[in-house]
Amino acid sequence: MNQHKPDPLLSANIEFSVDGRSVSLTVQVPAGPVSPQRLLPLAHALTNTIVDMAVEAQDEPVSCAKGCGACCRQLVPISTVEARAIHALVQAMEEPRRSTLIARFEDACRRMEAAGLMDRLRDFSRVARKDLVAFGLDYFGRGAPCPFLEDESCSIHADRPVVCREFLVSSDPRHCASPTPQTVRRIELGARVSRALPALEAPKSAPAMPWLPLILALEWAAAHPEERERPGPELLQALFGSLSGKDLPAPPGLGA
Ligand code: SF4
């Protein structure tokens with residue numbers, strides 16, 4: 001009988017600084033090739049740490065509260081690795097929940113199609129940088145809730161994308177219902193893990209577009225089943241290398 005042997009794990013001590021404050025982490029990654037999705041729990045933990053540090057460091061209190069899902073109608077840019085993870089999450093759901101979720105994704109896409117935004121959503125690179133804010137506001141104006149929003153709360157809180165974790169505001173929550181760059185004040189973070197996530201895709205097979213809107217996650221992942229595994233240490237290096245140095249362009253919407 002063949003017995004599956006788990007990959008040996010390698011430990012790494014990582015030290016880095018965010019806004020002059022040092023952070024030490026001990027992480028374990030499989031030595032052999034694994035799906036880039038294996039690094040998402042680390043990306044989530046890292047993001048939570050960076051967000052906590054930012055909240056602690058600033059004077060104004062965070063105004064986001066449980067039960068307020070205003071920002072969950074924004075364009076939510078996610079990495080392709082997260083799109084695959086969301087696709088797997090929905091596929092693993094029991095019926096009728098899975099079908100309910102799939103119908104909500106389709107409904108959000110239909111709304112954007114009807115609004116004439118879908119071509120640009122399928123290729124952010126066609127949206128000029130100077131138009132990103134206006135495009136994000138146009139999307140928000142269509143009032144399409146995220147498929148995971150239920151009773152104004154996130155129904156996948158533990159698995160929510162990195163960019164959702166990074167979005168906190170200190171401005172009056174009433175402004176979130178009709179946000180503008182002038183009225184909504186974000187909590188500034190020392191580093192944005194969301195911008196480093198595209199580095200988890202292997203360079204040669206990385207998609208041309210580093211981000212896609214969350215509402216296209218199921219469609220995109222179904223059309224791109226091929227996923228290149230990489231050794232755990234290589235994934236770790238790619239994530240932290242990108243986080244520390246590479247200046248990726250900001251995506252629109254929540255990520256802007
Ligand atoms: S995944 Fe959750 S937190 Fe993110 S936009 Fe959707 S409902 Fe909101």
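In which loop does E152 lie?

Modeller: Happy to! E152 lies in the loop between β5 and β6; helices (H or I, at least four residues) and strands (E, at least two) are DSSP runs, numbered from the N terminus. Please keep in mind that this is a predicted model, in which local features need pLDDT of at least 70 and side-chain atom pairs count only at pLDDT 80 or more, while totals for chains, interfaces and linings use all residues. Residues are numbered from 1 along each chain as its sequence is written, and side-chain values use heavy atoms, with hydrogens and water left out.

Let's stay with that loop. E152 has a positive phi of about 60° although it is not a glycine, and D151, in the loop between β5 (149-150) and β6, has a positive phi of about 50°, again without being a glycine. Most residues other than glycine have a negative phi, and most peptide bonds are trans. As for cover, E152 is partly exposed at a relative accessible area of 31%, whereas D151 counts as exposed at 78%; buried means under 20% relative accessible area, exposed over 50%, and partly exposed in between, with a 1.4 Å probe and protein chains only.

The backbone holds another feature to look at. The peptide bond from E95 to P96 is cis, with omega near 5°, and P96 sits in the loop between α2 (80-91) and α3 (97-114).

Helix α2 also holds I86, which is buried, with a relative accessible area of 4%. Leaving aside neighbours within four places in sequence, I86 is in contact (heavy atoms within 4.5 Å) with I78, F105, F148, P161, L214, A217 and L218. Of that group, L218 is 132 residues from I86 in sequence, yet their C-alpha atoms are 7.3 Å apart in space.

Back to β6, this time for the pocket. Strand β6 (153-154), α1 (40-57) and α6 (162-166) each supply at least two residues of the lining of the largest pocket, and α1 gives the most, with 4 residues. A pocket, on a 1 Å grid over the protein atoms alone, is an open set of points with protein on both sides within 12 Å along at least five of seven lines; a cavity is a set where a 1.4 Å probe fits but cannot get out, and lining residues have an atom within 4 Å of a point. The largest pocket has a volume of about 700 Å³, a volume being the space filled by probe spheres set on the points, which are joined across faces, edges and corners. Its lining has 32 residues, with C68, C71, H157, R160 and C164 nearest the centre. They divide into 21 nonpolar, 6 polar and 5 charged; Ala, Val, Leu, Ile, Met, Phe, Trp, Tyr, Cys and Pro count as nonpolar, Asp, Glu, Lys and Arg as charged, and the others, Gly among them, as polar.

There are also 2 cavities of 30 Å³ or more. The largest cavity has a volume of about 50 Å³, and the residues lining it include C72, Y139, C146 and L214. That lining has 9 nonpolar residues, 1 polar and no charged.

Finally, the whole. The C-alpha trace spans about 55 × 45 × 35 Å along its principal axes, and 45% of the 256 residues count as buried.
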